[in-house]
Amino acid sequence: MHEAIDCYREVTKGMYGDLGKVMEGFNQWPQNPPKFKFLMEEYISLCKDLAKKIMRGIALALGGSPYEFEGDRAGDPFWVMRIIGYPGVSSDDIGCGAHTDYGLLTLLNQDDDINALQVRNLSGEWISAPPVPGTFVCNIGDMLKIYSNGLYESTLHRVINNSSKYRVSVVYFYETNFDAAVEPLNTYKTTINGDKKFERAIYGEHLVKKVLTNFVDG
């Protein structure tokens with residue numbers, strides 16, 4: 001039970017060969033309000049800078065250099081932006097089903113006065129993630145789980161808006177390079193966590209597979 005405006009880093013024809021063919025094209029920006037495209041592109045730029053700084057901290061925490069997630073890994077990051085509206089309901093209708101995010105790091109900006117986001121903890125229980133004014137919720141994505149060799153878990157989460165109010169969230173997904181080959185890092189913390197627990201994954205393949213299962217032809 002939600003509606004959304006989705007925009008992606010634009011992929012020009014042939015930019016990633018057959019790998020990126022499904023993602024080729026341009027964003028369809030709403031005409032109203034008139035400055036919407038300008039404001040969102042500015043917001044995306046700010047989120048990109050913030051996410052890069054957070055990823056440098058995560059790289060250090062994993063025992064690597066602060067630049068582990070740059071260069072061939074995420075020096076030219078793909079991104080996705082979703083502006084999502086959840087109608088107010090009077091039952092337990094699911095606003096967004098349980099899922100993990102695809103990439104490295106998600107920055108979620110949500111309404112301050114509606115408690116709808118839920119996260120599944122290690123015991124398998126769904127717990128609320130109440131909004132904290134002036135903050136982002138940061139979700140770990142599938143690619144960071146692989147890079148960290150499982151030290152960082154991609155967060156299973158869902159949305160149930162039991163409020164009578166219409167809830168809005170603005171979600172920025174900071175990803176790897178579209179064609180990045182993702183496998184566990186060779187850093188101190190990842191290696192002492194045991195043998196590599198994940199096979200190599202190509203981010204673009206992972207994204208396209210998810211997109212094709214999320215949308216149907218109109």
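Reply: Let's start with a charge and a ring: Arg158 lies over the face of Trp126, 4.2 Å from the ring centre (the test asks for NZ of Lys or CZ of Arg within 6 Å of the centre and within 35 degrees of the ring normal). Do keep in mind that this is a predicted model, where local features need pLDDT of at least 70 and side-chain atom pairs pLDDT 80 or more, while totals for chains, interfaces and linings use all residues. Residues are numbered from 1 along each chain as its sequence is written, and side-chain values use heavy atoms, leaving out hydrogens and water.

Ring against ring, there are 6 aromatic pairs (centres of Phe, Tyr or six-membered Trp rings within 6.5 Å; planes under 30 degrees apart are stacked, over 60 edge-to-face, the rest tilted). One of them joins Tyr16 and Phe178, which are stacked with 4.5 Å between centres and 25° between planes. Tyr16 sits in the loop between strand S1 (3–8) and helix H1 (36–61), and Phe178 in the loop between strands S9 (167–177) and S10 (181–182), so this pair ties together parts 162 residues apart in sequence. (Helices, H or I of at least four residues, and strands, E of at least two, are DSSP runs numbered from the N terminus.) Tyr16 is buried at 16% relative accessible area, and Phe178 is buried too, at 0% (under 20% is buried, over 50% exposed, in between partly exposed, with a 1.4 Å probe on protein chains only). Ring pairs also link Tyr16 and Phe178 with Phe78 and Tyr203 in a cluster.

The largest pocket has a volume of about 560 Å³ (an open set of 1 Å grid points with protein on both sides within 12 Å along at least five of seven lines; lining residues have an atom within 4 Å of a point). Its lining has 33 residues, and Arg82, Cys96, His99, Tyr102 and Phe173 are the closest to the pocket centre. Two or more lining residues come from each of S1, S2 (77–86), S3 (96–99), S4 (105–110), S8 (157–159), S9 and helix H4 (203–214).

Definitions and conventions: 1 Å grid on protein atoms, 1.4 Å probe; cavity = no way out; pocket = protein on both sides within 12 Å on 5 of 7 lines; lining within 4 Å. Points joined across faces, edges and corners; volume = space filled by probe spheres on them.
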